Amino acid sequence: GTTTAKVTMVEWGDFECPACASIEPMLKQIIATYGKNPEFNFVFRNFPLPQHKSSRPAAEAAEAAGAQGRYWDMYALLYENQKEWVGSANPRALFDSYAKSLGLDLAAFGAALDTHTYASRIARDSQDASMLRLNHTPTLFLNGVEQKNLTLPMLTAAIDAALKQ
């Protein structure tokens, strides 16, 4: 979207969170419906919860893919394959395989993960979430208002109403 969009939806999520993975197909539908509308933005903010030991590395993998223009593709792969990498003895190998499947420059991807290039960005997102007193994921905001009913009909109605204002 654009910085001047009328409607901004922000997801505070954790790639290891089962509830976040469960709403990903719905968010994919919302993005398919509204994503080309210049009056709509969708923003993902990292909020890795402390009990999820692989959520920060997963967030770093998404950010590293984003540096190569494939953030949303990695976002989708992480959620779609969550059961595969969560609890894995070596989730990094799986993240590398996802990067390979996306045709990423594996050396650059690996270097970003090895040096934690995006750790400060993820930490800033987490600090922002703490300042907002968020304590769970997923948390969705629409134009700054937390959405409590995370169903497709309710979110679509809220987006449509906001677009009409």
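Colleague: Between which two elements is the loop of Arg133 found?
Modeller: This is a predicted model: local features need pLDDT of at least 70, side-chain atom pairs count only at pLDDT 80 or more, and totals for chains, interfaces and linings use all residues. Residues are numbered from 1 along each chain as its sequence is written, and side-chain values use heavy atoms, with hydrogens and water left out. Helices (H or I, at least four residues) and strands (E, at least two) are DSSP runs, numbered from the N terminus. The loop that holds Arg133 lies between α7 and β3.

Colleague: Is Arg133 buried or exposed?
Modeller: Arg133 has a positive phi of about 60 degrees although it is not a glycine. Buried means under 20% relative accessible area, exposed over 50% and partly exposed in between, with a 1.4 Å probe and protein chains only. At a relative accessible area of 73%, Arg133 is exposed.

Colleague: Which residues does the cis peptide bond with omega of about -10 degrees join?
Modeller: Most peptide bonds are trans. Here Pro138 is found in the loop between α7 (119-131) and β3. With omega at about -10 degrees, the cis bond joins Thr137 and Pro138.

Colleague: Which residue in β3 is the bridge partner of Trp12?
Modeller: Two strands pair if DSSP finds at least two bridges between them. β1 and β3 (residues 139-142) are antiparallel, with four bridges. One of the facing couples is Val10 and Phe141. For Trp12, the partner in β3 is Thr139.

Colleague: How many bridges join β1 to β2?
Modeller: Six of the seven residues of β1 are buried, so the strand is largely enclosed by the rest of the structure. Gly13 stands opposite Asn46 in β2. β1 and β2 (residues 40-46) run parallel, and the bridges that join them number seven.

Colleague: What is the hand of the β-α-β crossover from β1 through α1 to β2?
Modeller: The test looks with the strands pointing away from the viewer: if the path from the first strand over the helix to the second runs clockwise, the crossover is right-handed. The chain here goes from β1 through α1 to β2, and the crossover is right-handed.

Colleague: Which residue stands opposite Phe141 in β4?
Modeller: β3 and β4 (residues 145-147) pair in the antiparallel sense over three bridges. Their hairpin has two residues between the strands, and Asn143 takes a positive phi near 50 degrees there. Asn143 is partly exposed, at 37% relative accessibility. Across from Phe141, β4 places Glu146.

Colleague: How many degrees lie between the planes of the Phe15 and Tyr75 pair?
Modeller: Rings of Phe, Tyr and Trp (its six-membered ring) pair if their centres lie within 6.5 Å; planes under 30 degrees apart count as stacked, over 60 as edge-to-face and the rest as tilted. The structure holds 13 aromatic pairs. Phe15 and Tyr75 are edge-to-face, with centres 5.9 Å apart and planes at 80 degrees.

Colleague: How many residues apart in sequence are the parts that Phe15 and Tyr75 tie together?
Modeller: Phe15 is buried at 1% relative accessibility, and Tyr75 is buried at 3%. Phe15 lies in the loop between β1 (7-13) and α1 (18-34) and Tyr75 in α3 (residues 71-80), so the sequence distance that the pair spans is 60 residues.

Colleague: What is the arc of the buried residues of α6, seen down its axis?
Modeller: The buried residues of α6 (residues 106-114) are Phe109, Gly110, Ala112 and Leu113. The arc is taken from the directions from the helix axis to the C-beta atoms. The buried residues of α6 line one face of the helix, because they fall within an arc of 160 degrees.

Colleague: Which residues are exposed on the other side of α6?
Modeller: The cover over the buried residues of α6 includes α2 (55-66), α3 and α5 (91-101). On the other side of α6, the exposed residues are Ala107 and Asp114.

Colleague: Which residues does His52 touch, not counting those up to four places away in sequence?
Modeller: His52 is found in the loop between β2 and α2. At a relative accessible area of 16%, His52 is buried. Contact means heavy atoms within 4.5 Å. Leaving aside residues up to four places away in sequence, His52 touches Asp14, Glu16 and Cys17.
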